[in-house]
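Subject: Handing over a structure

Dear colleague,

I am passing a structure on to you, together with some notes on what was found in it. Please look through the sequence and the structure first, and then read on.

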Amino acid sequence: MSHFDFLEIRDPADRAAEQFAELRRVLEFALDHAPGMLDHLGGVDVDAVINRRALAALPILRKSDLPAMQAADPPFAGLATRAPYHTARIFMSPGPILEPGGDGRDWWRLGRFLHAAGFGMGDIVQNCFAYHLTPAGHMMESAIAAISAACIPAGPGQTEQQVEVASRVGATAYVGTPDFLKIILDRADEMGRKLSIRKAAVSGGALFPSLRQEYADRGVRCLQCYATAELGLVAYESEAMEGMIVDEGVIVEIVRPGTGDPAPDGEVGEVVVTALNADYPLIRFATGDLSAVLPGQSPCGRTNMRIRGWMGRADQTAKIKGMFVRPEQVAAVLARHREALRARITIARDGEKDVFELAVETAHPSEGLAAALGETLHQTVKLHGAVRLVEPGDLPNDGKVIDDQRNYD
């Protein structure tokens with residue numbers, strides 16, 4: 001399969017240099033036209049942002065903070081560079097979070113994903129993403145136009161009508177959530193209608209291996225992507241189906257939850273994305289999602305970084321004895337003890353009481369370190385908990401720093 005453009009097969013060093021040059025241009029523009037980004041970044045030295053290490057020194061912008069920020073400074077918290085009346089579309093996603101939508105060609109960049117999924121000229125694509133307030137339908141429609149295919153703007157629901165239009169028009173491809181295609185195919189069987197859908201590109205939910213296999217058994221190849229309303233395309237599968245390849249229009253970091261500190265390759269952490277989008281330049285945008293870097297390059301020939309896909313949520317805030325404990329507090333405990341490498345709080349019940357333990361990886365265990373960690377833990381979370389020292393690598397590599405094992409049933 002040919003590549004969407006030369007960007008996908010760039011030398012990694014060339015990609016890094018070109019992306020950071022573009023990031024500096026975007027930063028300059030954002031500081032001049034997006035007052036909220038100016039407030040967030042402060043006195044950043046734009047010329048110094050030349051690599052990932054410099055990028056990691058910039059502050060995190062959390063998706064979870066956007067509703068409050070937008071309430072204080074409507075509609076986009078000063079983070080967009082265009083005034084609302086110069087914005088092509090304005091959306092509202094759950095949160096509620098307001099997002100701008102541009103009118104440029106493939107503004108959300110999802111055409112790259114559809115091309116990788118085998119879509120192209122000659123396809124008739126049934127677009128079953130929602131168009132009402134949320135941007136997913138428009139995101140995919142612009143992507144369909146970018147690959148010169150035809151679009152049926154079907155939206156979700158109305159299954160019998162979905163079957164009818166797919167059958168009469170001869171839809172060859174589907175875009176939508178992973179499970180809705182099965183509902184359409186099953187209803188088509190019940191109605192005795194034969195559909196021509198042989199390709200599917202899905203997002204917005206988990207594509208379980210069993211469901212992907214069921215589609216394959218029915219002659220439909222199904223690939224998935226990771227995209228958000230704010231960022232557009234973040235990463236996507238290719239025909240190699242080995243992890244997800246990061247899009248060319250973003251820079252992705254994996255950081256330890258509760259911090260902005262880059263995690264080592266292979267370690268599960270929070271996905272932080274910098275969008276090279278001058279209209280909506282989100283810098284170090286913490287998505288709240290978990291993933292990990294997948295080493296090496298894709299066998300399909302695309303040379304960009306790969307991630308393992310969506311692996312859960314990074315927001316692990318829990319309440320212990322009436323007090324909220326957050327991932328950033330665990331990070332604060334670690335920061336005061338250089339012998340401590342990784343940590344994890346496990347919460348349980350002892351009778352009718354909450355109890356918790358802080359397990360800490362260290363290469364230099366001692367009673368003194370355990371006692372010091374216990375004191376720092378109490379100072380930080382205002383609660384007493386047990387401390388257990390473990391060998392480096394003993395804690396699970398699942399991105400969790402707070403593991404709530406209490407049964408709420």
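This is a predicted model: local features need pLDDT of at least 70, side-chain atom pairs count only at pLDDT 80 or more; totals for chains, interfaces and linings use all residues.

Residues are numbered from 1 along each chain as its sequence is written, and side-chain values use heavy atoms, with hydrogens and water left out.

The two domains

The protein chain is divided into domain 1, covering 12–313, and domain 2, covering 318–404, with bounds that come from an automatic or database domain assignment. Between the C-alpha centres of domain 1 and domain 2 there are 35 Å. Where they meet, eight residues of domain 1 are in contact with nine residues of domain 2, contact meaning heavy atoms within 4.5 Å.

The two domains bury about 640 Å² between them, and 54% of this is on carbon and sulfur atoms; buried area is the accessible area (1.4 Å probe) that two parts lose on being put together, summed over both. Of the area that domain 1 buries against domain 2, Pro257, Gly258 and Val268 supply 54%, more than any other three residues.

The count between domain 1 and domain 2 is one salt bridge, a term used for a side-chain nitrogen of Lys or Arg within 4 Å of a carboxyl oxygen of Asp or Glu. Glu267 forms a salt bridge with Arg342, and their closest N and O atoms are 4.0 Å apart.

Buried and partly exposed residues

In what follows, buried means under 20% relative accessible area, exposed over 50%, and partly exposed in between (1.4 Å probe, protein chains only). Helices (H or I, at least four residues) and strands (E, at least two) are DSSP runs, numbered from the N terminus.

Gln19 lies in helix H1, residues 12–33, and counts as buried at 7% relative accessibility. Leaving out residues up to four places away in sequence, Gln19 touches Arg10, Asp247, Glu248, Val250, Ile251 and Leu276.

Asp279, found in the loop between strand E12 (269–275) and strand E13 (285–291), is also buried, with a relative accessible area of 18%. The side chains of Asp279 and Trp107 are joined by a polar contact of 2.8 Å, and, neighbours within four places in sequence aside, Asp279 is in contact with Ala80, Thr81, Arg82 and Trp107.

Ala83, by contrast, is partly exposed, with a relative accessible area of 22%, and has its place in the loop between helix H4 (66–72) and strand E2 (89–93).

In helix H10 (residues 327–335), the buried residues are Pro327, Gln329, Val330, Ala331, Val333 and Leu334. These buried residues pack against strand E17 (323–325), strand E18 (340–350), strand E19 (353–362), helix H11 (367–381) and strand E21 (402–404).

Salt bridges

The structure holds 37 salt bridges. One of them joins Glu164 and Arg193, with the closest N and O atoms 2.9 Å apart. Glu164 lies in helix H7 (residues 159–169) and Arg193 in the loop between helix H8 (180–191) and strand E7 (199–202), so this pair ties together parts that are 29 residues apart in sequence.

Another salt bridge is formed by the side chains of Glu214 and Lys182 (2.9 Å, N to O), which links Glu214 in helix H9 (residues 209–217) with Lys182 in helix H8, 32 residues apart. Asp186 and Arg218 likewise meet through their side chains in a salt bridge (2.9 Å, N to O). Asp186 lies in helix H8 and Arg218 in the loop between H9 and strand E8 (221–228), so the pair ties together parts that are 32 residues apart in sequence.

Finally, a network of salt bridges links Asp5, Glu8, Arg109, Arg112, Glu239, Asp247 and Arg302.

How values were computed. A polar contact is a pair of N or O atoms within 3.5 Å; within protein, one must be able to donate a hydrogen and the other to accept it, and residues adjacent in sequence count only if both atoms are side-chain atoms.
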